Amino acid sequence: MKTFISYINNLLIPLLPETRCFALKRWMWKRAGVKIGRNVRISSSAKISGSGELSIGDNTWVGIQCVIVTSSRIIIGANVDIAPKVYIGTGTHTINPRSEHIAATDISRDVTIGDGCWLCVNSTILPGTELSTKTVVGAGAVVGSVFKETCILIAGIPAKKIKSYV
């Protein structure tokens with residue numbers, strides 16, 4: 001993504017109505033380098049930043065006060081519903097007790113969210129997460145794993161499979 005244009009977008013877009021002007025917001029995020037599908041709706045209070053790649057599939061909703069930060073690659077599939085205050089990020093650190101800072105070397109791990117997923121309110125999607133098609137992430141869950149099963153509910157801290165829908 002183009003970090004300067006993302007910075008400008010994060011200043012201007014909050015001035016637009018929260019759940020209106022979606023075509024204008026799509027156009028603005030495309031100018032910042034986001035690969036964005038048809039009919040994507042991004043709330044005005046959502047923040048998108050970072051120097052990595054971001055791809056958002058068709059008919060996806062990004063809710064109020066969501067934060068998406070990419071230093072590598074985030075792929076969000078089509079028909080995904082992202083509830084308010086969801087965090088999705090790719091950056092983390094190695095842990096080194098001998099370093100001046102315990103959070104030592106920066107590392108990035110890609111995030112993939114499959115088609116038709118629902119990320120419920122206040123969920124956190126950590127670096128390295130992969131969610132299969134139609135995964136439901138429960139409210140407040142912290143996800144940092146690979147879930148390859150289709151149509152499941154995951155919840156908790158750390159998130160684990162709770163229920164299968166097939």
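Strands here are DSSP runs of E with at least two residues, helices are runs of H or I with at least four, both numbered from the N terminus, and two strands pair if DSSP finds at least two bridges between them.

You're looking at a predicted model, where local features need pLDDT of at least 70, side-chain atom pairs count only at pLDDT 80 or more, and totals for chains, interfaces and linings use all residues. Residues are numbered from 1 along each chain as its sequence is written, and side-chain values use heavy atoms, with hydrogens and water left out.

Now bring up the whole sheet around that pair. It's an open sheet of 7 strands with mixed pairing, in the order β2-β5-β8-β13-β16-β19-β20. Click on β2 (41-42) and β20 (160-164) at its edges: each has a single partner strand, so one side of each is left without a neighbour in the sheet.

Zoom in on I125 and you'll find its bridge partner in β17, V143.

Time for the inside. Select I76, I88 and L131, the residues with the most contacts inside the largest nonpolar core, which has 35 residues. Such a core is a set of buried Ala, Val, Leu, Ile, Met, Phe, Trp, Tyr and Cys residues joined through side-chain atoms within 4.5 Å; buried means under 20% relative accessible area, exposed over 50%, and partly exposed in between (1.4 Å probe, protein chains only). Leaving aside neighbours within four places in sequence, I76 is in contact (heavy atoms within 4.5 Å) with residues including L54, I56, I88 and I113.

Last stop: F22 and W61. The structure holds 1 aromatic pair, and these two form it edge-to-face, 6.0 Å centre to centre with 75° between the planes. Rings of Phe, Tyr and Trp (its six-membered ring) pair if their centres lie within 6.5 Å; planes under 30 degrees apart count as stacked, over 60 as edge-to-face and the rest as tilted. F22 is in helix α2 and W61 in strand β5 (residues 61-62), 39 residues apart. F22 counts as buried at 17% relative accessibility, while W61 is partly exposed at 22%.
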